[in-house]
Amino acid sequence: MSSEDDSEEFSEELSATGAASSGPPEISFYGGKWMSAFPLAFFVVWAIVQSGVLRIGDTTGLVAGMLIALILGMLFAKGSWKNYANTIFEGMTRRVAATAVVAWLWAGMFAETIQVGGFVDGLVWAADAAGIGASVFPAATFILAALLATGIGTGYGTTVAFTTLFFPAGILIGANPVLLFGAILSGAVFGDNLAPVSDTTIVSAVTQDSDIGGVVASRFKYAVLAAVIAFVGYLVAGASMQGFDVAGQEDLLAAASEPAGLLHLLSMLVVIGTAVAGRHIIEAISWGIIVAFIFNVVFGLASVSDMVVFNAPENLDIAQSLAVLPFVELVDAGSTGVGGSFYSGAQGFFPLIVLVLLIVAGAQIMIRGGGFQAIQDWLLESVATTVRRAEITMVFGTALVNAMITINTAAEIAIGPYIARLGERFNINGYRRANILDANTAALGYIFPWSGGVLVGFAVIQDLPEQYDWFTQAMVVNPADVVLYVFHGWVLVIVFLLAALTGFGLEYTSDRESEEVERL
Amino acid sequence: MSLLDKYTKGWSFRTNKPSFSEGDEIAVFVTGMEDGTPIARIGDSKLRLPDAPAGLVDKRVLLRVTSFDDNNHLGEAEYVETVGESAF
């Protein structure tokens with residue numbers, strides 16, 4: 001199919017799915033058009049209770065909340081419920097939903113494959129070889145976590161990997177735990193914001209009709225400015241904030257150090273290079289997966305069965321014959337299954353995929369019920385009356401939605417249409433809109449104490465006292481304690497607020513066009 | 001655009017009231033109607049499109065600027081063709 005055909009199909013799809021906001025409401029609700037916001041509003045309350053009040057970071061729990069919200073919302077729809085039901089289908093088949101699904105599946109496989117190949121061990125080796133002391137350790141952790149997050153595109157995965165190993169290792173060296181956790185979350189923010197394989201990067205680009213390579217290149221200036229300031233911040237704070245005296249217990253870093261893992265820096269560069277050069281994101285990540293697979297096998301970083309394996313029953317004759325193959329292993333009849341990094345990398349995102357499909361369905365109900373139009377009109381008539389005010393509205397609007405919807409990609413999908421429409425009404429370039437949307441989403445998803453990013457790290461830290469004898473409860477960092485120390489997140493938000501106020505980095509649609517959007 | 005240009009573009013402070021010259025051809029969104037005339041608002045500058053067909057709001061169109069007053073940041077342009085849709 002030619003790129004022209006692709007482009008035409010894409011435009012048709014957009015007009016068929018998204019442009020409905022300007023037409024009359026197609027679903028009427030008891031209580032008026034504002035009731036069309038009920039499913040999303042109910043979900044937000046559920047998310048606040050689950051994640052904020054009860055501190056339960058369970059994505060499938062949020063799926064249950066959104067399902068109940070969609071059922072309850074239907075009770076308020078007037079007349080036949082057929083329209084309401086069809087709108088759920090319409091929302092779930094929208095391109096933005098499919099984009100998030102694709103991003104997660106491909107990026108999940110890539111992330112897991114370079115992790116089984118010892119990429120984190122390579123970063124550990126770098127930290128260990130550099131002989132970093134307590135005061136510099138948080139700043140170094142920020143850089144290394146940022147590197148991992150930029151490579152694997154998932155800040156959550158980075159947070160888990162680093163709180164598991166770098167966090168206790170840093171405390172042993174004498175670094176301050178709160179600062180360390182903040183540095184890890186900062187690295188996660190950096191990667192979530194800048195990596196071309198990051199789900200939030202991809203969703204920010206597609207909701208603003210922009211290509212991913214161009215989006216990454218255009219946001220580089222904001223990310224680097226913020227990172228330099230954050231790095232200096234960690235150096236200064238590291239020198240003044242004391243840690244615990246547990247030296248001499250053990251050397252966690254040396255035990256987990258493996259320099260060959262750094263080969264996956266090349267796998268990472270393949271993905272970043274091909275994405276920025278304008279290749280389709282599926283193609284870019286697929287190349288990264290192929291290169292990572294070859295490196296793992298050729299250099300002995302991981303076996304084929306670490307990446308894909310059939311665990312077949314050992315009492316089955318055919319399985320015994322096939323066990324010579326590198327991807328067939330014999331196990332007890334009760335523990336059969338498929339495994340490996342491709343399997344677990346994709347599987348890890350299944351609950352999130354279902355959640356996002358349901359949230360997009362809820363958003364579509366709000367569009368068809370007139371709630372979206374009502375909020376858009378109010379914003380354009382009363383709040384976003386100049387281009388500067390429109391951009392500030394985008395910054396605060398994104399912040400507000402992220403405070404309520406604690407999974408940052410889901411929040412981004414919910415606010416994306418508003419950013420698109422507000423920005424287009426001032427002809428703000430798609431790259432700039434995507435950058436405002438993603439920077440605040442990436443940052444605040446690791447700042448608010450109830451956000452998914454903070455909770456996944458907290459879950460790991462909570463278990464450390466059971467894992468290490470020397471790790472006391474006093475070393476556990478509560479989510480509320482770390483808020484102020486996610487330096488890169490805060491600086492990124494401030495950079496964008498200043499950019500909105502001063503016009504730094506502002507571009508209009510007439511200044512340049514996004515390249516071949518159909519490539520994503 | 002070269003790879004270097006992609007990274008270096010936008011390292012500057014952009015005015016909220018951009019200027020245009022007669023003859024400029026630009027692709028922008030039609031952002032609304034004022035007194036029955038379609039308007040393309042770019043930042044806080046406005047281009048009126050007196051001869052444009054109806055139903056263009058939130059469509060991306062190619063325009064040719066016919067006049068622009070730098071003092072009140074207001075100009076006129078003629079509609080050339082529709083080149084795209086809203087991202088939403």
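Student: Which residue stands opposite A:Ala312 in strand 2 of chain A?

Tutor: This is a predicted model. Strand 1 (residues 309-313) of chain A and strand 2 (residues 328-331) of chain A pair in the parallel sense. One opposing pair puts A:Asn311 across from A:Glu329. For A:Ala312, the residue opposite in strand 2 of chain A is A:Leu330.

Student: How many bridges join strand 1 and strand 3 of chain A, and in which sense do they pair?

Tutor: Strand 3 of chain A covers residues 337-339. Here A:Val309 has A:Gly339 as its bridge partner. The two strands have three bridges, and the sense is antiparallel.

Student: What is the strand order in the open sheet of chain A?

Tutor: Strand 1 of chain A pairs with strand 2 in the parallel sense and with strand 3 in the antiparallel sense. The pairing in the sheet is mixed. Strand 2 and strand 3 of chain A are the edge strands, each pairing on one side only. With three strands, the order is 2-1-3.

Student: How much does that sheet of chain A twist on average from one strand to the next?

Tutor: The sheet in question is open, with the order 2-1-3. From strand to strand, its twist averages 30°.

Student: Which helix joins strand 1 and strand 2 of chain A in a β-α-β unit?

Tutor: The two strands run parallel and share four bridges. The unit they form with the helix is right-handed. The helix spans residues 317-322 of chain A, and its name is helix 17.

Student: At roughly what angle do the axes of helix 21 and helix 23 of chain A cross?

Tutor: Two packed helices are described by the angle and the distance between their axes. Helix 21 covers residues 387-404 of chain A, and helix 23 covers residues 430-444. Their crossing is right-handed. The axes come within 9 Å, and the angle is roughly 35°.

Student: How do the residues of that contact between helix 21 and helix 23 of chain A divide by type?

Tutor: Helix 21 of chain A brings residues including A:Glu391, A:Met394, A:Val395 and A:Thr398. Among those they meet in helix 23 of chain A are A:Ile436, A:Leu437 and A:Leu444. The contact divides into seven nonpolar, four polar and one charged.

Student: Where in chain A is the pLDDT below 50?

Tutor: Chain A averages a pLDDT of 87, and 93% of its residues score at least 70. One stretch below 50 has 26 contacts beyond near neighbours in sequence: residues 1-24. Another has 22 such contacts: residues 516-520.

Student: What pattern does chain B follow along the sequence?

Tutor: The secondary structure of chain B comes to one helix and six strands. Its C-alpha trace spans about 45 × 30 × 25 Å along the principal axes. Read along the sequence, the pattern is α-β-β-β-β-β-β.

Student: Why is one side of strand 1 and of strand 2 of chain B left without a neighbour in the sheet?

Tutor: The six strands of chain B make an open sheet in the order 1-5-6-4-3-2, with mixed pairing. The twist there averages 50° from one strand to the next. Strand 1 and strand 2 (32-34) stand at the edges, so each has a single partner strand.

Student: Which residue stands opposite B:Val28 in strand 5 of chain B?

Tutor: Strand 1 of chain B runs antiparallel to strand 5 (residues 60-69), with five bridges between them. Opposite B:Val28 stands B:Val61.

Student: Which element of chain B gives the most residues to the side that touches chain A?

Tutor: In all, 27 residues of chain B are in contact with 37 residues of chain A. Helix 1 (3-8), strand 1 (25-29) and strand 3 (37-42) of chain B each give two or more residues to that side. Its residues divide into 13 nonpolar, seven polar and seven charged. With four residues, the element that gives the most is strand 1 of chain B.

How values were computed. Residues numbered from 1 in each chain as written. Chains lettered and ligands numbered in written order. Predicted model: local features only at pLDDT ≥ 70, side-chain atom pairs only at ≥ 80, totals over all residues. Contact = placed C-beta atoms within 7 Å. Nonpolar A, V, L, I, M, F, W, Y, C, P; charged D, E, K, R; others polar. Pairing = 2+ DSSP bridges. Right-handed = clockwise from strand over helix to strand, strands pointing away. pLDDT = per-residue confidence, 0-100. Axes fitted to C-alpha atoms, helices over the stretch in contact; angles between N-to-C directions. Left-handed = near helix turned anticlockwise from the far one by under 90°.
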